[in-house]
Amino acid sequence: MTRKSIPISLLAFHIAAMPAVAQETGSVLIQNATVLTITNGTLDHTDVLVENGKITGIGFNLSAPNGVEVIDASGQYLMPGIVDAHSHIALSSINESSSPVTAEVTMEDVVNPYHLGIYRALAGGVTTSHTMHGSANVIGGQNETIKHRWGSKNPDDLRFAGAPRTIKFALGENPTRVHGNRGSGDSQPALRPSSRMGVEAVLRDAFTNAQRYMEDWDAYEVDRRRNRNAVPPKYNGRLEVIADIIRGDIIVHCHSYRADEILMLLDVLEDFGVTKITFQHANEGFKVAPELAAYGAGASVFADWWTYKFEVYYSTAYNAAILVKNGVVTSINSDSGELNRHLFHEAAKTQRYGGLTDDEALSLITINPAMQLGIDERVGSIEVGKDGDLVLFSEHPLSVYTIPLKTFVDGVKYFDRDEDPDDVRLSVSPSADLDTYMEEEIDIHHNDRVRSFKEIFQER
Amino acid sequence: MNLYSMRRRPESWPSTAVLVALFLASIPSSTALAQRDASDIPVVTKAVALEGVRIVQSPGRVIENGTVLIRNGLIEAVGENVDVPYDAERIAPDSMTVYAGFIDGLSSTGVPQPKEEEDLPPVPDRGNPPDDRAGIQPQRDVRSLLSADQKSIENLRKLGFGAAHVVPIGRMLPGSGAVVLLAGDEPRDMVLKGDASLFVQFQGARRMYPGTPMAMTAKFRQLFTEAKRRQQMVQLFESGTSGVPRPEFDEVHYAFFPVIDREKPVFFYVDDVLEIHRALKLQSILGFDLSLAGLHEGFDAVDALASSGAPLFVTLDLPKKPKWMSKLKRDSLETILAAYDDETRTATFRDVEAERRNLEARQVMSRDEFASVAAKLEAAGVSFGFTTRGAKTKDIRKNIREMIDRGLSEDAALAALTTHAAANLGLSESLGSVDVGKIANLIVADGPLFDANTKYQYVFVDGKKFFYEKSERERQTDDDSLAGTWTFTAFTPDGEQSGEVVFEKDGESYTGTITYPDLDVTMELTDVSLDEDHLSFSWEDPNSGTMTVEGSISGDEFEGIVIIGEEEMLVIGVKEDSPE
């Protein structure tokens, strides 16, 4: 028998390296709009041309190539498609809450293109969502950045090809309640963490284990060059992912509220050399804005949503403005299938509370979340060469009277207020009783087709 | 070959024959007989000849009048001129057609339902539970779990199934499947092919890891990738080199070795379309031989399924109909479909009815999509089989008919139940058609295979004969071609007009009523006459006066004219139901 050495390529794989599937692109010429470029000011009476999914022209009197649709946007406002940095739409499960560390799971595996939340988001001008694992675990699953290509029935068609990998972390009350049984009344044996100290310990253990895992593999790589009987370490999908965080291949997006826990995570990350971090929610981010800016951390916050649990009592609507003025890359997110339909209003609140300029306010829902997701080279502003992700509004998007009229992703129009039939669902239950059908739909809210982990736990 | 060791005894053997068998068997060795109880007595002959039958050897390959000879569980001869040997039991049924026995692509037929997990104590760490509690049991083998006396075996056999790919019952990784023949006194009599598959399903662990689909896909990647490493370590160790650490044995990872070597396919049960994509993606990342069964929502992934090249088994289960739909016949559903308006933009509070009608239409469309998975795969040129898993026994034939109504050809339906299923299970040499050398799994039917009124009178499994007598009701239906509920449709200048007609037998003659569903009025029929296949009847229409229908019945169908005064118009009829 011939001797076999173990090719490492068989063991190490990254799902992100999957071949990208064919994703539809389109062409359109939008004429005579007020163009809010975000990165280059506001351009009056300007045309924007998108060809095969990319912006190819911004200027006056652009002509449409043969067969390209022309839209007269006189009196209307064109802005880049809104980027929602925190969402749970288009998923068929959200929390794998059986373990405090589940880095190996990925939302890529549970993207649900049938979810009506995608169309609703388009109707609110949102073209990209960062659809995330829940906040049950200290280290949750990997998130997925999607484009809202409504109508496609293959989950891979929604992927934002080339977007960096990201992962969900969570601090504070959620992981201690779920795993440590703090306040949950659960009769299952408690696990770590049941305190904020425990959260830090879980993080440090996970990173330390991943470091050892990396060392084991490095040692094997050296050993196998001189020892034909070298034995590779056990494969561990969970530690592979955490090792990739340490390597800088994955951006951390951490559910957090309190200033002390934000500083704690900065300490932990610094110890393990992790630099890519955006704090999600960060209701007390304003207290540590200089520290966040100094670390290069982002903050993705609510405009004014708080007091839904103890750790979010100390909050202010000035949070986003204070963070911006301190130089923190800040975004406003929805975390909700309802809020994501009026993120432009959420951004406008920072003008009432904090006096941000139009461009600063709109940056909170465009280029800034794009930076936090590592996709700012592609989306978040209207520039030649960027993706044709655009929204046309009836009024200035920061006006309370504005209405999104048309939404484009890669030059393809997926929402048009003039062609918006009653029923846009991609699938309808063949079995539901009609008399209760509406109530069932309401009952499961934005998560139709979504089964919560709790529900799965409770099933017989 | 030792005759006594065969233990073959058709269950429905007449008692006189048993006595004859007992007598004959005693001749060669009376001492051997004395040592055995009655169940060990062999049958007098293991040859059966089905004579004067129509034989559908496989879809499109038909012998109009021939003989099938079975011996020792195998088909010994098939053809128009077969010499029937002296020792064969001769069966010459009247007007019967022989088909190959059906093959179930995936189910847990013959596997007893395991005990509930309710009373087990909580695991200490639900994030890292013991494998068996988490439903990670790929090392289990269905052969050790089978029970030959399960009612599910007889239920499936009665429907014409002779073989089934059966898998253990469990959660994510319940174990290995086997192809079994649906007859035998003990599991070992039934097994045709062991270790036929590694069975996987997206069935999460309860209150522990892996609970969700994302954790199950992650767990599968973890197990497969680590199994690959362990297998290579085992190979290195077994290559005889010293200085190689002893590989750690564990049965969970070892169960993946034949899958990694592509000696054994992974059978994924996937019902919704997202599960289909998940399984295909795992296959494309990890690389293994994949078969997919279930595919309830396969209508939305036809291209992906076709291009995957994976052997497919479509469910014979269809969604439960909502109450409103189950009351309506097909023509009413067609009317609802025709009224669908996909451009409605009506505020709900202004016109709830319009929205309701559209929703009804969408439910019909959705229902039709579920029933059209097989037709769509056929149109895409995919060879698929069927799976009975999750399908109620009483619905299986009805559901196949609905799939045929939605565009599946009868040949493709038969192929899915026989030749294609055998090919997809890698058993074309032994199963799937009525050919010499194949296992004698046969159906003897008294009519077209998929007709509602066709009775499968004999089912042979592994050469064993099972006889199904007609029930009282089935005999009555046979005798009476008219009694029951019919829908008649007249083609008038004003369009199609339908009426529901109920005929009842009254002694030697018939009575009946006609109902106009649109108007909800019912009238008595007069002069109902049936002479051979010629039917005529009349009634008084409130507007048009006397109406008379005349024409001929052929099976469940009627064609003729309706006479109104001087005018004659074409009318067709379909029998919907026979009397209870």
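Modeller: Ground rule before we start on this predicted model: a residue is buried with 20 or more other C-beta atoms within 10 Å of its own, exposed with 12 or fewer, and partly exposed in between.

Colleague: Okay, what makes A:A161 count as partly exposed?

Modeller: A:A161 has 13 C-beta neighbours inside 10 Å.

Colleague: Which way does α11(B) pass α12(B), left-handed or right-handed?

Modeller: The crossing is left-handed.

Colleague: Which residues meet there?

Modeller: From α11(B) you get B:L333, B:I336 and B:L337, and from α12(B) B:E360, B:A361, B:V364 and B:M365. By class, that contact has 6 nonpolar residues, 1 charged and no polar.

Colleague: Then what makes α5(B) roughly parallel to α8(B)?

Modeller: Helix α5(B) and helix α8 (residues 273-286) of chain B pack at about 25 degrees, with axes 11 Å apart. Roughly parallel takes angles under 35 degrees, so α5(B) counts as roughly parallel to α8(B). Their crossing is right-handed.

Colleague: What makes the contact, residue by residue?

Modeller: On the α5(B) side, B:P213, B:T217, B:F220, B:R221 and B:F224; on the α8(B) side, B:R278, B:L282 and B:L286. Sorted by class, the contact of α5(B) with α8(B) has 5 nonpolar, 1 polar and 2 charged residues.

Colleague: Now the core. How many residues has the largest nonpolar core, and which have the most contacts inside it?

Modeller: The largest nonpolar core has 234 residues, and A:L78, B:V68 and B:V98 have the most contacts inside it. Helix α5 (residues 213-238) of chain B gives the most to this core, with 8 residues. Apart from it lies another core of 18 residues, including B:L482, B:F488, B:V501 and B:I514.

Colleague: What does B:V68 touch?

Modeller: Leaving out residues up to four places away in sequence, B:V68 touches B:L50, B:V53, B:I55, B:I75, B:V78, B:V98, B:V434 and B:L442.

Colleague: Last stop, the interface. How many residues of chain A are in contact with chain B?

Modeller: 51 residues of chain A, against 61 residues of chain B. The elements giving two or more residues to the chain A side are α11 (434-443) and α12 (453-458) of chain A, and α12(A) has the largest share, 3 residues. By class, that side has 25 nonpolar, 15 polar and 11 charged residues.

Colleague: And how much of chain B is buried?

Modeller: Buried residues make up 42% of its 580 residues. Chain B has 17 helices and 25 strands. Among its contacts between residues at least 6 apart in sequence, 63% join residues at least 24 apart.

How values were computed:
Residues are numbered from 1 along each chain as its sequence is written. Chains are lettered from A and ligands numbered from 1 in the order in which they are written. This is a predicted model: local features need pLDDT of at least 70, side-chain atom pairs count only at pLDDT 80 or more; totals for chains, interfaces and linings use all residues. A crossing is left-handed if the near helix is turned anticlockwise from the far one by less than a right angle, and right-handed if clockwise. Helices (H or I, at least four residues) and strands (E, at least two) are DSSP runs, numbered from the N terminus. Two residues are in contact if their C-beta atoms, placed from the backbone, lie within 7 Å. Ala, Val, Leu, Ile, Met, Phe, Trp, Tyr, Cys and Pro count as nonpolar, Asp, Glu, Lys and Arg as charged, and the others, Gly among them, as polar. A nonpolar core is a set of buried Ala, Val, Leu, Ile, Met, Phe, Trp, Tyr and Cys residues joined through C-beta atoms within 7 Å. Axes are lines fitted to C-alpha atoms, for helices over the stretch in contact, and angles run from 0 to 180 degrees between N-to-C directions. Angles under 35 degrees count as roughly parallel, over 145 as roughly antiparallel, 65 to 115 as roughly perpendicular and the rest as oblique.
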